[in-house]
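Subject: Structure for your review

Dear colleague,

Please find below the structure that I am handing over to you.

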Amino acid sequence: MELTVKQVSSLHKIRSTDSLDLPQLESKTCLTGERFSYQICLKSRDQLIADVTLESALAEYIQLYRVREANMDYPMYPDNPMEDYITLTPGPMPDILVPLAEENNRMLVRDTPGTLWVKVDIPKDCKPGNYTIKVHFSFRKPGGEVFETAEQNMTVEVIPVQMPQQKVIYTRWFYADCIANAHNVEIFSEDHWALMEKYIAAAVDVGVNMILVPVHTPPLDTEIGTTRPCVQLVDIEKQGQIYHFCFDKFHRFIDICKRNGVRYYEIAHLFSQWGAKCAPNIRVTENGKTEYMFGWHVAADSAEYVQFLKQYLAAIAKELQAEGISENTYFHISDEPKLEQLEAYKKAADIIRPLIGNSKTMDALSEYDFYESGLVECPVTAVYEIKEFLPHNIPNQWVYYCCYPTKVYTNSFLAMPSYRTRIMGFMLYKFQIKGFLHWGFNFYNACRSLYTIDPYKTTSGDKSYPAGDGFIVYPGKNGAYPSIRGEITFEAMQDADICYALEEKIGRDAVVAMIDAAAGMDLRFDCYPKGNAFLEDLRAQMIGKLKETN
């Protein structure tokens, strides 16, 4: 009987058609408070059942997942070149991480590789030293007795240097309505609240430290003239010219965020997407009737909406102050405005900015004129446009990627190798980027939210965008299942934090020089080494330098 068991890096995406001709991984050096992941691959000529057990002094900080394949139904737009992708052919791609406990700590082993994902969270108060993680497999044929065992050992050296608190602000947009749809629960039912907390916890677990707050239903990816399911946290009633606001659901939502470690907040956009032409869909009760008083039918600069905004934002600002989060809250005006819409955006910004106190404004935009005109404090620039912004040394510069870019640049599509996602961490550090934004934490809709989709059947929003772009978590039995792409992005954030930790020891210039020397080039968003070796070797160098200078 041919049986293969191999322990490998988290950076490999191991497909069912792959061989296991990969380097064996046997040791890791970590900071206290650091997370690291690795994989154990199993393959057998005969079908077997493997019972999995774990032994380690770190056992309570270790989670085991079964790697499941996602349906990569639309890997990329037509005619995109095969450039730095695993494949552009539709088919299965490993991504979904299902807790092994949900599968009775067993794996079915076949003649195609099956993978166990091992996630280790070194506690902050961990005593420095060497630890061993033993993962034991007992193999048996279906209905038979155990006839063979195997064990994979990982030696972990924990050094007396603590991983600093994540410095980069990271948001991936949270969609409360998609949770209700995916789990078939009523919006704001107790089941919905419980699920929202689990999804927020799942977001924080992969480094998301800013949450999009739906004070009103976010005007994102919504077809003109339509509405998404209402997830408005603020109840509004109009009496004459006065609006009255109830923030009970808002405070419950913020409590959930605080309880799970969220540090920053962004308020749902106050004008329609792509140019701030209209008001967002906002429900208001008047004379006992609740309806969309504002929306596509109301111009952004209408006197009625401006009057409402003055009262609405004053009330929001007061509640943010009461929660103690106003300084860590960011307001959106309109997502992705174009240069020809600058005047409309300026009108909207002039309305908003005097009303939000010590909070900031931020928006995804790629035209420098918006920042130069003083219309936004935190420009969130596409990675393929960032070269126009970097020479200006903007103190609150953010970056984002979304459905594009598809060539050269970092992104997190399913078809991409993991190093192309993780490379972002060193870029964030080198260019002193303050935040990273992505539009899809759990977007389970087709384009413009025309209808809902099943993320297990389509990972592309029914061919709306490259597979994987809309979400990095999957609806699970009682919450959200994480993904390889989410964990790899978290590793990127840790790479940036290791750079910041080393900067405290040797200075920023020396850290940047170390990055470029390891890369063998002037590392840029559009120019970086391909493959796993650069990432793994540079991280090892930095950990070694931290150990040496401690």
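Two residues are said to be in contact when heavy atoms of theirs lie within 4.5 Å of each other. Please note also that this is a predicted model.

I begin with helix α5, which covers residues 342–352. Its buried residues are L342, Y345, A348, A349, I351 and I352. Among the elements that cover these buried residues are α4, β19 (360–364) and α6 (368–372). As a general point, an α-helix has 3.6 residues a turn, so residues three or four places apart point the same way.

Helix α4, one of the elements covering α5, runs over residues 303–323 and contains A314. Is A314 buried, exposed or partly exposed? A314 counts as partly exposed because its relative accessibility is 44%, and that class lies between the limits of 20% for buried and 50% for exposed. The C-alpha atom of A314 is 8.8 Å from that of G357, although 43 residues separate the two along the chain.

With neighbours within four places in sequence left aside, F174 contacts I179, M196, Y199, I200, I211, L212, F253, F441 and N442. In soluble globular proteins, nonpolar side chains tend to be buried together.

As for the chain as a whole, its secondary structure consists of 11 helices and 24 strands. The C-alpha trace spans about 80 × 55 × 50 Å along its principal axes. How does the radius of gyration of the chain stand against that of a compact globule, and why? The two agree, because a compact globule of 550 residues would have a radius near 24 Å and the chain has 24 Å. Of the 550 residues, 59% are buried. Among contacts with a separation of 6 or more, 72% join residues 24 or more positions apart.

Finally, the surface and the charges. The accessible surface comes to about 21100 Å², and carbon and sulfur atoms account for 46% of this area. The chain carries 55 positive and 72 negative side chains, and the centres of these two sets are 2 Å apart.

A colleague

How values were computed:
Residues numbered from 1 in each chain as written. Predicted model: local features only at pLDDT ≥ 70, side-chain atom pairs only at ≥ 80, totals over all residues. Heavy atoms only, no water. Helix = DSSP H or I, 4+ residues; strand = E, 2+ residues; numbered from the N terminus. Rg over C-alpha atoms; globule rule 2.2 N^0.38 Å. Buried < 20%, exposed > 50% of the residue type's maximum accessible area, 1.4 Å probe, protein only. Areas by Shrake-Rupley, 256 points an atom, 1.4 Å probe, with all protein chains shown as cover. Lys, Arg positive; Asp, Glu negative; His and termini not counted. Charge placed at Lys NZ, Arg CZ, Asp CG, Glu CD.
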